[in-house]
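This report describes the strand pairing and the helix packing of one protein model. The sequence and structure are shown first.

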Amino acid sequence: MRKSTPALTHFARHLRTSQTDAEKKLWQALRSRQFEGVKFKRQVPFPPYVVDFYCDEARLVIEVDGGQHSVETEADEQRTGFLERRSLRVIRFTNIDVLTNLEGVAWTILQVLKDRIRTTIPPSS
């Protein structure tokens with residue numbers, strides 16, 4: 001069970017209004033159940049962290065990493081370990097991946113969703 005603090009909830013709201021270009025682009029593909037009919041949320045608190053995107057149905061976390069993450073590998077590993085210990089699957093993409101290869105990013109997400117969700121995902125229309 002995750003219970004957010006008011007400060008973390010406020011921080012998550014702030015992050016929703018200051019997304020990177022890559023986060024905005026990926027959100028446009030994921031929002032409103034338009035991606036394979038599953039619901040994604042953005043900037044979701046998992047104390048003490050806020051994850052970029054989360055699908056509860058698949059217990060899937062998607063992180064979009066900027067350039068700073070190439071030097072913050074230990075912190076990212078700790079964060080991923082924390083989330084995985086809660087039976088969440090974490091997948092990461094770089095900003096460049098999302099901005100230059102959204103189709104490939106979407107394909108990867110779809111493969112993970114198919115693996116994580118027991119029911120058949122209806123094809124997109």
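## Basis of the description

Axes are lines fitted to C-alpha atoms, for helices over the stretch in contact, and angles run from 0 to 180 degrees between N-to-C directions. Helices (H or I, at least four residues) and strands (E, at least two) are DSSP runs, numbered from the N terminus.

The model is predicted: local features need pLDDT of at least 70, side-chain atom pairs count only at pLDDT 80 or more, and totals for chains, interfaces and linings use all residues. Residues are numbered from 1 along each chain as its sequence is written, and side-chain values use heavy atoms, with hydrogens and water left out.

## Packing of α2 and α5

Two packed helices are described by the angle between their axes and the distance between the axes. Helix α2 (residues 21-30) packs against helix α5 (residues 102-116) at an angle of about 55 degrees, and their axes are 11 Å apart. The pair is therefore oblique; angles under 35 degrees count as roughly parallel, over 145 as roughly antiparallel, 65 to 115 as roughly perpendicular and the rest as oblique.

The crossing of α2 past α5 is right-handed, a term used if the near helix is turned clockwise from the far one by less than a right angle. Contact (heavy atoms within 4.5 Å) involves Lys25, Leu26, Ala29 and Leu30 of α2, together with Leu102, Val105 and Ile109 of α5. By class, this contact has six nonpolar, no polar and one charged residues. Ala, Val, Leu, Ile, Met, Phe, Trp, Tyr, Cys and Pro count as nonpolar, Asp, Glu, Lys and Arg as charged, and the others, Gly among them, as polar.

## The four-stranded sheet

Four strands form an open sheet in the order β1-β2-β3-β4, with mixed pairing; two strands pair if DSSP finds at least two bridges between them. Its edge strands are β1 and β4 (89-94), each of which pairs on one side only. From one strand to the next, the twist averages 45 degrees.

Strand β1 (residues 41-46) pairs with β2 in the antiparallel sense over five bridges, and a hairpin of two residues joins them. Phe46 stands opposite Tyr49 in β2, and Arg42 opposite Phe53.

Phe53 also stands opposite Ile62 in β3. The antiparallel pairing of β2 with β3 (residues 60-65) comprises three bridges. Their hairpin has four residues between the strands, and Arg59 there takes a positive phi near 50 degrees.
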